[in-house]
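Reader: I am new to this structure and would be grateful for a guided discussion of it. May we begin once it is in view?

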Amino acid sequence: YFIISQPNEYLTLLLGVAVFPDFEDEVWPVLGFIWRPNDKLSLNIIPKNSNITYSVNEKLDFFFEWDIDFGEYEVDRGDAKNVVLKYNQTVAGLGFQYNINKNIQFLFSTGGVFDRSLEYRDDSGKVSIKNGAYLHCQFQIKI
């Protein structure tokens, strides 16, 4: 649940709370903003898929993106059923979006995945996963 406020055409504010009923931490604050100081630059500092974008022209945008992913999953471990496994990772990278026309866009990004871990909620085990890389390539078609 969140509230969005737009005090002017350049700034959008986000304030609220995220509720995860089955998580260890059930309530998380949601804070963020989108600031467009001019036609070229945009800062989307929001809880999911934050980015800073520079628009070269109407066709081409370059961006830096980052995110913190987390989740909790119920798994079976030996004879134990529905044991909670927590997952965390941080993602950061660079990319571009090319607008082929008003209905078709091509997006490409690459970067790293850091601080990855899997941990049982009952503290019976934790695994640190090696850092890695990602490559994202996507066509978006609006119909």
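Author: Let us start with Arg121, which counts as partly exposed at 28% relative accessibility. Please keep in mind that the model is predicted.

Reader: With which residue does Arg121 form a salt bridge?

Author: Side chains of opposite charge can pair when their charged atoms come close. For Arg121, the closest N and O atoms of the pair are 2.4 Å apart, and the partner is Glu72.

Reader: How many residues apart in sequence are the parts that Arg121 and Glu72 tie together?

Author: Arg121 lies in the loop between strand 8 and strand 9 (126-129), whereas Glu72 is in strand 6. The pair therefore ties together parts of the chain whose separation in sequence is 49 residues.

Reader: Is Glu72 buried or exposed?

Author: A residue is called buried when its relative accessible area is under 20%. Glu72 has a relative accessible area of 17%, so Glu72 is buried.

Reader: Which residue meets Arg77 in a salt bridge?

Author: Arg77 is in strand 6, and its partner is in the loop between strand 8 and strand 9, 45 residues apart. The N to O distance is 3.1 Å, and the partner is Asp122.

Reader: What is the relative accessible area of Ser109?

Author: Ser109 is in strand 8 (residues 104-120). Beyond its neighbours within four places in sequence, Ser109 is in contact with residues including Phe63, Leu94 and Tyr134. Ser109 is buried, because its relative accessible area is 1%.

Reader: With which side chain does the side chain of Ser109 make a polar contact?

Author: Glu65 is one of the residues in contact with Ser109, leaving aside neighbours within four places in sequence. The polar contact, at 2.9 Å, joins the side chain of Ser109 to that of Glu65.

Reader: What is the accessible area of the nonpolar patch formed by Tyr98, Ile100, Phe139, Ile141 and Ile143?

Author: One member, Ile143, is in the segment after strand 10 (132-141). Together, the residues of this surface patch have an accessible area of about 620 Å².

Conventions
Residues numbered from 1 in each chain as written. Predicted model: local features only at pLDDT ≥ 70, side-chain atom pairs only at ≥ 80, totals over all residues. Heavy atoms only, no water. Helix = DSSP H or I, 4+ residues; strand = E, 2+ residues; numbered from the N terminus. Buried < 20%, exposed > 50% of the residue type's maximum accessible area, 1.4 Å probe, protein only. Polar contact = N/O pair within 3.5 Å; in protein donor to acceptor, adjacent residues only side chain to side chain. Contact = heavy atoms within 4.5 Å. Patch = residues over 30% accessible without salt bridge, like charges linked within 9 Å, V, L, I, M, F, W, Y side chains within 5 Å. Areas by Shrake-Rupley, 256 points an atom, 1.4 Å probe, with all protein chains shown as cover. Salt bridge = Lys/Arg side-chain N within 4 Å of Asp/Glu carboxyl O.
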